[in-house]
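Open the model in your viewer and keep the selection tool ready. The stops below go from single residues to the contact between chains.

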Amino acid sequence: MKHTMKYTFSLLSGCMLIVTSSCTNSAVFAPEKLLADPNGANIFLVDNSGNKLVKFDRNTRKQSGALQLSEAVNNLAAAADGNVWVLTGNANGKLIKVNPNSMKEEGSLSLGYTPSAVCEVGNSNVVWVAQRHNNEVWKIEGAANPAAAKVATKVTVGREPIGLLPYADDAKILVLNNLPEEAATQFPTASTLDILDTQNGKVMGRIALPNGTTDVKDGVVDKQGDYAYVVHLIARYQLPTNQLDRGWMMTNAMSVIDLRGDSLLTTVLLDTPQRGAANPNDIAISLDNNMLFVALAGTHEVCAIDRNAMHERIESSREGKHLVPSLKSFDDIPNDAGFLHGIREFYPTGGKGTRGVEAATNGVYVADYFSGEFKCMAPDGSATEVLLSGTPLMETVVGKGDLYFHDATIAFQAWQSCASCHPNGARVDGLNWDLLNDGMGNPKNTKSLLLAHATPPCMITGIRKDAFVAVRSGIKYILFSNAAESYGNEIDAYLQDLQPLPSPYLVDGKLSEKALRGKEHFDKNCATCHSGSYYTDGKQYAVSWNDGADKEKAMDVPALVEVWRTAPYLYDGRAATMDEVLQIHGPAEKLSNDQLSELSEYVLSL
Amino acid sequence: MKTRITFLLGGVALFLSSCTQEPARLHAVADTEGFKQCLLANYDGIMRDVSVISQDSLRRRIGDAHKELQGNYPILYDWWLQDGEQVNWFTDSFASQLSNRMKKHQLTSEADVNKSLDTYIHACVKRREARLARFSKETPEVVFTKFRVFRPSFFAYTEGLSDARNERCYLPGTELARLKMDGVWASETSILKDSSGVIRDPEVHFDGKDLLFSWKKSLEEDDYHIYEMDLASGKMKQLTSGLGFADIEGIYLPNDDILFNSTRCGTSVDCWYTEVSNLYTCNREGNYMRRLGFDQVHTVAPALLSDGRVVYTRWDYNDRGQVFTQPLFQMNPDGTGQAEYYGLNSWFPTTATHPRQIPGTRKIMATVTGHHSPQHGKLAIIDPEAGRDENQGVMFVAPMRQPKAERIDSYGQYGEQFQYPEPLNEKEFLVSYSPTGYDAPQPMYFGIYWMTTDGERELLIADNENSCNQPRLLAKRERPFERATTVDYNQPNGVYYMQNVYAGNGLEGVEPGTIKQLRVVELEFRSAGVGMAFNEGKGGGSHASSPVGVGNAAWDIKKVHGTVDVYADGSAFFEVPARMPLYFQALDSNGYVVQTMRSWSTLQPGEVQSCVGCHEHKNRVPLTDHATSVAMNKGIQSITPSVINPIVGFSFQEQIQPILDNHCVSCHDGSKQKMSLTGDLKVIDQQTKRKYSEAYLNLTHARKTSQWNDSWQGNAEHPEVNWVSAMSEPTLLKPYSAGAATSNLITRLKKGHGNTKITPEEIDKIALWIDLLVPFVGDYKEANNWSGDELKFYDYYQSKRTEAEAAEKEAVRAYMQSLTL
C-alpha cells in the first residue's frame with residue numbers, strides 16, 4: 001500500500017525553517033529505539049517492522065542510509081570510536097559493529113539469549129552486554145574487532161536485564177532489570193537494580209525499587225553523573241482491582257538513583273491525579289542537563305520534567321518542607337501524584353505508540369511505533385514536524401490489535417494499557433492481582449497471554465470460557481471501557497499472532513540430555529493433565545496447596561509453553577522458581593533431588 | 001416571535017409548528033452620536049449634582065446612568081467601562097477620563113471632545129476586530145437563555161416548585177435564543193419564548209444538533225421538566241413530567257442517557273424549609289428514571305468531563321456547619337465513584353459552582369459565589385491537581401490572580417459579576433457577565449460576553465429587558481469517554497475497601513493500632529421542616545428545621561447499622577447496603593469515636609469503592625509500601641449489628657431514658673438531686689415545636705438561646721457531655737476533638753457513679769448517643785408539638801416522597817427488565 005509522507009511545516013523555536021519535499025515510502029515503518037550520534041550528524045532509528053537500522057541525516061533532514069539485519073534489533077549504543085553497536089536476535093543473539101558512514105557491518109560476535117543492552121567501559125575494546133533471557137551481563141574483550149572478541153566474564157544479575165548505565169568513570173554499571181524475581185506472595189516484590197563493579201566483574205550491591213515495581217524499561221544518567229533516572233511501573237497490586245481512579249491499579253514512575261551514594265533517592269510518579277502517564281518506555285536528558293523527556297508509549301506523549309525543579313522539591317521535602325499540598329512526608333513521594341504538578345508537561349506527539357525519545361539541540365526526536373512516524377518536537381511541545389514516515393503498523397488488523405493492546409487511551413483516564421500487566425509481548429509482570437471475577441481477597445498471578453486463545457478456558461480458575469470472552473472482560477473490567485467490541489477483534493488477532501520464543505534451556509534448539517531425562521519423569525507424572533501440544537488438558541482441578549479464600553477452588557491446568565519466562569509459578573505465584581514448584585506441586589512418584597532437577601530442566605525447556 | 005406550540009393530547013411530544021421566524025437581530029454598534037450625547041449628559045448631570053445630593057442619591061443617580069447607557073448603548077458603554085479604571089468613573093474631568101481611555105489605545109486626545117470620542121470608538125471597533133478574529137472566523141453559534149437572575153436566599157434554591165414548602169424562586173419571562181457571529185458582531189434569533197415561564201439550563205448534545213433544556217411554564221400549573229429539541233427542525237420532546245416535581249440542569253451522558261437534578265427525592269433542607277434536588281438519570285426518552293444521589297441537601301450544576309466523570313456542586317454538612325460547605329464533587333455517570341473533587345474540607349471557596357471543563361485540560365472553570373447569595377459571583381479556574389483545599393488550586397480570572405482564602409458567607413457579591421462560564425480553550429471563554437454588578441439598579445441584567453483569562457472582553461449580546469445567561473457553544477464535540485458500568489441492581493449491597501485508616505489526614509498523630517472498628521451510620525433526611533432550632537459554633541450560625549434535638553445536636557436522624565473490624569495494619573473490607581447515605585466513625589478499643597466523618601458516602605448496587613485511608617489527600621495514590629493487607633486476606637466482612645437492633649433512628653427516649661429510669665432517676669428526680677433526669681416530655685419548645693424531657697435538656701446542658709429565637713440550644717463544649725457540634729468548622733477536626741472519649745459523664749459512670757448498677761452495655765449506649773451528636777428523636781415526627789395543620793403539612797410531603805420512592809422502585813425494576821430484553 002502506498003502511503004504519502006505528510007510533512008508539517010513548522011518553525012521550531014531556534015530552528016531553521018525546514019522545507020521538505022513530498023515523497024512516498026510504501027514500506028511498513030515502525031520506529032522504536034533512537035540513538036543520536038554523539039558527533040551530532042545523525043540519528044539512528046530502529047525500524048523493527050523489517051529488522052532495519054535507519055540513518056537520518058540531521059542536516060539534510062533526510063534518510064541517508066539503512067542497514068538490513070537478519071533479526072530484530074534489540075538495542076543500539078554509540079561506540080567511542082565513532083561506530084554504532086547494534087544488538088540483534090533472541091536465541092541467536094549478536095553484537096554487531098556498524099560503520100555509520102557506510103552503514104555496513106564492521107564485524108559481529110555471536111552472543112547469548114536476547115542481548116538487550118550494551119555499553120563500553122574505558123574504550124571501545126571492552127564492552128558489557130546484558131543478556132536478557134540469560135539473566136546475565138557479559139563482559140566482552142577485544143570488541144574492537146568483534147569477530148575475534150571473547151566473552152571474558154558472565155555475571156548473574158536480576159531478572160531480564162534490559163539496560164546498562166555506566167557511571168563513576170565507568171568503574172560501575174547500573175544494571176536495569178525488567179521484572180521482579182521474587183515469589184509474588186513475598187513482600188516486597190519489585191524489580192531490582194544491580195550495581196556491577198567493572199573492575200572485578202562482580203555485583204557489588206543491589207538497589208531495591210519500591211514495592212510493586214515492574215516492567216523497568218529504560219534509564220539515563222545526567223551529564224554530571226550524579227543521578228540516574230529509571231522509568232518503570234509501580235503496580236498497586238495489593239488492592240482489589242475495582243477502580244482505576246487515582247492510580248488504584250497502576251502508576252507510572254521514574255526512580256531517581258543517587259549514583260554518588262549507590263542508592264535510591266526516591267521515586268516520583270509521572271502520573272497526574274486525574275490521568276495516568278501510562279507505559280513509560282524510554283527516557284532522555286536534554287543536552288543542557290535541565291530537562292528529562294520520557295516517552296509514554298501508552299498515552300502517545302512525551303513527558304517533559306524540569307529536572308532542577310524536581311530535585312529542589314525532593315531536597316526540600318527531605319528537609320521537612322513539602323512544596324506541594326498533597327505531600328506529608330519524604331517517604332510518601334512515591335504515592336503522590338501531585339508531586340510534579342507544575343514542573344512537568346505532557347506533549348502529545350500526534351502519533352501512536354511513542355516508544356523512543358532522544359534529546360536534540362532544539363527539542364526532542366520521537367519515534368511513534370504504531371503510526372510509523374519519526375518526528376521532531378519543539379522543546380515546549382508546541383510544534384511537531386514529521387521527519388520520516390511510512391505505512392503504519394496499525395494499518396493491518398494484527399497491527400491494530402497490537403496498538404490497542406498497548407494503548408492506554410482506551411482506558412479510563414489512561415492509567416494503564418493491557419501491556420501494563422502483560423508487558424513484553426503480552427507476557428507477565430510477575431505480580432498477583434485481585435481481579436473481581438472470582439470474588440475479592442484472593443489475588444492470582446498474572447498469566448502470559450501467549451496461546452491464550454488456543455488453550456481455553458481462561459484465567460487461573462478457568463472462569464472465562466475462552467480468551468475471546470476474557471479479552472472483552474479485560475477491556476470492560478480492567479480498562480473500564482464500554483467499547484470492548486471496538487477493540488476486541490483486533491486484540492484477539494494480535495494475541496493469536498504471538499509466537500513463542502524457544503527456551504534458553506535448549507541446546508542448539510534441542511532438549512539437553514538432562515532435559516531428556518526429565519521428559520521421562522514428566523511423561524510419567526505430569527503429562528496426564530499437562531497434555532497435548534500446549535501441555536494442558538483444559539480442565540480444572542482442586543489442588544492440595546490451595547488455601548485462604550481459594551481453599552476449595554479448582555484451578556485451570558496452565559499451558560507450559562514458554563514457562564521458562566513466566567515465573568513466579570502456581571496460582572498465587574508463591575513459587576519463584578521451577579524447583580520451588582516441584583517442592584509444592586511435585587510428581588506423585590518420589591524422585592531424588594537430581595531427578596527433580598532433571599524434571600525442572602525439561603519443563604523449563606518447553 | 002409568534003410561536004405556536006401544539007401539545008399532543010396525553011403525550012409528551014411537542015412540536016414547534018409553523019414557527020414564524022423573527023428576523024435575526026444584529027447586536028452591533030449603532031448611533032454613536034446618541035451614545036456620545038448620553039455619555040456627556042450623564043457625566044455633566046452627575047457632576048452638577050455631586051455636591052448637592054446625598055451619597056445615597058448620588059449612588060442611585062450613578063446607577064441610573066449605568067442603566068441608561070448599558071440599556072441603550074451596551075457595546076459602546078462596555079468599551080467605555082472596560083477602558084476605565086473603575087466602574088464609578090464619574091470622578092475626574094471628562095477630558096481626563098477620555099484621555100486615559102485613549103492612552104490605552106496609544107492615542108492622544110484632542111481638544112475637540114466629540115472628535116476624540118469618534119477616534120476612541122473607532123479604535124475600539126478595530127480592537128474588537130482583532131480580538132474576535134479567531135473566535136468569529138468559523139462563524140460560531142451559541143445558544144443561551146434569558147431569564148431574570150435567580151435570587152433565592154441560598155444560591156441553589158431555584159426549583160420554584162408548584163407546591164413549594166416555603167420560599168419559591170420563580171421570576172417568569174423567558175427566552176431560549178441563538179447567537180451567531182456575523183463578522184465580529186453577534187446576530188440573535190429567538191428559538192422559544194414564554195412570557196409566563198422560565199427556560200433554563202441549555203445543554204448541547206455531542207452531535208451539535210440536539211439541545212436539552214428545562215422549562216417551567218407556570219407558577220402553580222407546571223414545574224420544571226427536561227425537554228429536548230432538534231434545533232434544525234424545532235421538534236421538541238418532553239422527557240420528564242409530573243406536577244409537583246421539578247427536573248432541572250439536565251446533561252447528556254456519554255452513553256446518551258440523561259443526568260439531571262430533581263426534587264423527586266422528596267426531602268427538605270436541614271437548615272431551612274425549602275425542597276432539595278438530588279441527581280437522577282434516565283434514558284433519552286425519559287424512561288427508567290433512577291436516583292443516583294442520596295444526598296442530604298442540594299447537588300447543583302452537573303457537568304461532564306472529557307474522561308466521562310460528572311462534576312457537580314454538593315452541599316455537604318453532616319455534623320458540621322452549613323455555610324462554607326458547597327464543595328465540588330465528582331461521580332461516574334452511573335453514580336459510582338462519588339468523591340470529593342475540590343474543597344470538601346475547606347472554608348474557601350464558600351461555593352464553587354457552574355463547573356465546566358476547559359477543553360484540552362484537566363481544569364475547570366467555575367463561578368465562585370457565596371452561601372446566602374445568588375448564583376453569580378467571581379470567576380475561577382480550578383485545578384484540583386494543584387491542591388484540593390482553600391485557594392490552593394484556585395485562580396481568579398480575568399485577569400488571572402490567586403484569590404485570598406477568605407471566610408465570607410455571601411462571597412463575591414461586590415464589583416463585576418460572573419455566572420455560567422463556557423470555556424472555549426485555555427485562553428478564551430464565553431460567560432454571562434455584568435461589569436456593573438451591584439453598582440447598577442437591580443435586577444442585574446447580564447450580557448453574553450467573549451472574554452479571555454487576561455481580562456480582554458467583548459460584549460456579544462445584551463438585552464435591556466432581561467438577563468442573558470448560560471451561553472453554550474452550539475457545536476459538535478468529541479463524545480467523552482464512555483466508562484463501563486459495574487452497577488448491578490440485582491445486588492442490594494456495595495463493598496468498601498480501605499487500605500490503611502491511618503494514612504489519611506484525619507488520623508494524624510494517632511498511634512497505629514488505636515482504631516479497632518469503623519461504625520457505619522445511615523442518615524435519614526426530613527420530608528419537610530416544622531419548627532426551628534438555632535445552632536451556633538465555629539462554622540457560623542444556622543437554623544435546624546424539624547430538629548433532631550436541641551440546637552447544636554445532630555442535623556439528621558442517625559441509624560446505626562453496626563461496626564466492622566479495622567485490622568492491625570489499618571485495613572478494612574466490608575459490605576454495606578447500597579443506595580443509602582452512610583458515614584463512618586473510627587472507634588478506639590472502648591468503642592469511642594476517635595474521628596468522625598462529617599460528610600457521607602453512597603454506593604451503587606454492586607459497586608466496590610476503595611479509599612486509601614481516613615480523608616487522605618485526593619492527589620495521592622494508594623500506598624505502595626505494604627504487603628497484601630490483613631483485610632484482603634480475610635475477605636469481605638458483613639456489618640456486625642450494634643446494640644440497637646433492628647436498625648432504627650436513634651431516639652433518646654427509646655434508648656437512653658430507660659437506662660436513666662432504671663439507674664438514675666431514683667436520685668436525679670429534680671428534688672433529691674437538682675439535676676433532673678426524668679423522661680416526661682414536659683418542656684415544650686415553641687420554636688422547635690418539640691417536647692423535650694428534663695433529662696435530655698440537662699444532659700445536653702441546654703439553655704434557651706437569645707439568637708433569632710428562644711429555642712433550646714445544647715452546649716457542645718461542656719466538659720460533662722461534649723460532642724462535635726452541628727456547627728463545627730468545615731475543615732478537618734483533630735482526633736478525639738469531642739465525644740464520649742472526652743466526656744466526663746462516661747468516665748464518671750465507668751467509675752461507678754452513685755453506686756449505680758449501670759452495665760457496661762448501657763454505658764456504651766450513652767457513649768453512642770454522645771458520639772452521634774446527642775440526637776433526641778429517632779423519627780422526625782417523634783415528640784412533636786405540631787398543630788394539626790403542621791402535621792398535615794409534613795404528611796403531605798412525606799406521602800409525596802413515599803409515592804416518588806415507589807415510582808422510582810418501579811423504574812428500577814423496568815430498567816432491570818430492559819437489560820434482559
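Is B:Lys146 buried or exposed? With a relative accessibility of 2%, B:Lys146 counts as buried (buried means under 20% relative accessible area, exposed over 50%, partly exposed in between, with a 1.4 Å probe and protein chains only).

Before moving on: this is a predicted model, in which local features need pLDDT of at least 70 and side-chain atom pairs count only at pLDDT 80 or more, while totals for chains, interfaces and linings use all residues. Residues are numbered from 1 along each chain as its sequence is written, chains are lettered from A and ligands numbered from 1 in the order in which they are written, and side-chain values use heavy atoms, with hydrogens and water left out.

**Stop 1**

B:Lys146 sits in strand β4 (residues 141–146) of chain B and B:Asp463 in the loop between β26 (457–461) and β27 (468–473), so the pair ties together parts that are 317 residues apart in sequence. Helices (H or I, at least four residues) and strands (E, at least two) are DSSP runs, numbered from the N terminus. B:Asp463 is also buried, at 15% relative accessibility.

Next, select B:Arg264 and B:Asp247, whose side chains meet in a salt bridge of 2.6 Å, N to O. B:Asp247 is buried, with a relative accessible area of 0%, and B:Arg264 counts as buried at 12%.

Then pick B:Arg284 and B:Asp256, a salt bridge with its closest N and O atoms 3.4 Å apart. Both belong to a network of salt bridges that also links B:Asp210, B:Glu228, B:Lys237, B:Glu285 and B:Arg479. Over all chains, the count comes to 88 salt bridges.

**Stop 2: B:Arg309**

Go to the loop between β15 (299–304) and β16 (310–314) of chain B, where B:Arg309 lies. B:Arg309 counts as buried at 4% relative accessibility. Its side chain makes a polar contact of 2.9 Å with the side chain of B:Asp307, and another, of 2.6 Å, joins B:Arg309 to the side chain of A:Gln274. A polar contact is a pair of N or O atoms within 3.5 Å; within protein, one must be able to donate a hydrogen and the other to accept it, and residues adjacent in sequence count only if both atoms are side-chain atoms.

**Stop 3: the contact between chains A and B**

Show both chains. The contact takes 47 residues from chain A and 44 residues from chain B (contact means heavy atoms within 4.5 Å). The area buried between them is about 4,000 Å², of which carbon and sulfur atoms give 58%; buried area is the accessible area (1.4 Å probe) that two parts lose on being put together, summed over both. In chain A, the residues that lose the most area to chain B are A:Gln238, A:Arg246 and A:Gln274, together 19% of what that side buries.

Select A:Arg246 with B:Glu616: their side chains meet in a salt bridge (2.9 Å, N to O). How many salt bridges are there between chain A and chain B? The count is three. Polar contacts across this interface come to 27 residue pairs, both residues at pLDDT 80 or more.

Conventions: Salt bridge = Lys/Arg side-chain N within 4 Å of Asp/Glu carboxyl O.
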